[in-house]
Amino acid sequence: MARSKEFDPERALNKAMHLFWRRGYENTSVAELLRAMGIAKQSLYDTFGDKRALYLKAMAHYGDQTNGAMEQMFDQSPSIKDGFAKLLYGLAAETREQHERGCLLLSANLQREVNDAVIAGFLRDNQNKVEAIFEKALLRARKQKELSMKQDPKALARFFVVTIQGMRAMARLNSDKHALGEVARVALAVFR
């Protein structure tokens with residue numbers, strides 16, 4: 001008879017995600033993960049695989065959370081411009097600690113070995129998902145006359161991804177809310 005898990009795998013994964021997010025892959029030991037997750041070594045391997053497999057699952061968990069939240073935010077925003085304003089100005093308004101922590105996936109991209117095809121592939125797939133979320137929103141903006149018909153939603157989606165990544169990198173280096181707010185204002189000028 002199989003034993004039931006004595007821990008909540010979703011909760012343990014969330015704790016691992018936050019630890020990787022704060023410390024990065026290389027600076028996080030298996031012992032730290034076990035402590036943070038509140039599980040034994042065998043439970044880690046049985047449920048998540050090795051440290052790298054856990055890292056990939058933690059990044060996927062992070063991507064699912066952030067992408068789901070963005071989709072919901074755009075679906076609930078009265079206008080797409082309001083949605084992007086909430087996203088960009090929200091990033092600018094984060095605390096110094098949040099700015100220093102940055103984005104787990106952007107950090108993973110900058111910290112990975114250049115020839116790590118698995119992580120690169122995962123990050124490309126996630127970027128494509130984010131661009132698709134933005135493009136869908138921008139197509140709605142064009143339909144609602146918030147965006148000129150001359151604007152290319154696909155190119156603008158990529159522009160917003162790059163803008164957010166740049167803001168995240170800038171904020172991590174220097175948590176200047178005013179400067180980040182200026183970037184947000186300029187980016188939002190694409191809307192009517």
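At what angle do helix 2 and helix 3 pack? Select residues 30–37 (helix 2) and 41–48 (helix 3): the angle is about 90°, and the axes lie 10 Å apart. That makes the two helices roughly perpendicular (65 to 115 degrees; axes are lines fitted to C-alpha atoms over the stretch in contact). Helices here are DSSP runs of H or I, at least four residues, numbered from the N terminus.

A word on ground rules: this is a predicted model, with local features needing pLDDT of at least 70 and side-chain atom pairs 80 or more, while totals for chains, interfaces and linings use all residues. Numbering starts from 1 along each chain as its sequence is written, and side-chain values use heavy atoms, leaving out hydrogens and water.

Now show side chains: Val30, Leu34 and Met37 of helix 2 touch Lys41, Leu44, Tyr45 and Phe48 of helix 3 (heavy atoms within 4.5 Å).

Next, salt bridges (Lys or Arg side-chain nitrogen within 4 Å of an Asp or Glu carboxyl oxygen); the structure has 5. Pick glutamate 94 and arginine 168, with N to O at 2.7 Å. Glutamate 94 sits in the loop between helix 5 and helix 6, arginine 168 in helix 9, 74 residues apart. Glutamate 94 is buried at 15% relative accessibility (buried is under 20%, exposed over 50%, partly exposed in between, with a 1.4 Å probe, protein chains only), and arginine 168 is buried at 16%.

Last stop: arginine 158 and glutamate 131, bridged at 3.3 Å. Arginine 158 is partly exposed at 41%, whereas glutamate 131 is buried at 9%.

Terms used. Axes are lines fitted to C-alpha atoms, for helices over the stretch in contact, and angles run from 0 to 180 degrees between N-to-C directions. Angles under 35 degrees count as roughly parallel, over 145 as roughly antiparallel, 65 to 115 as roughly perpendicular and the rest as oblique.
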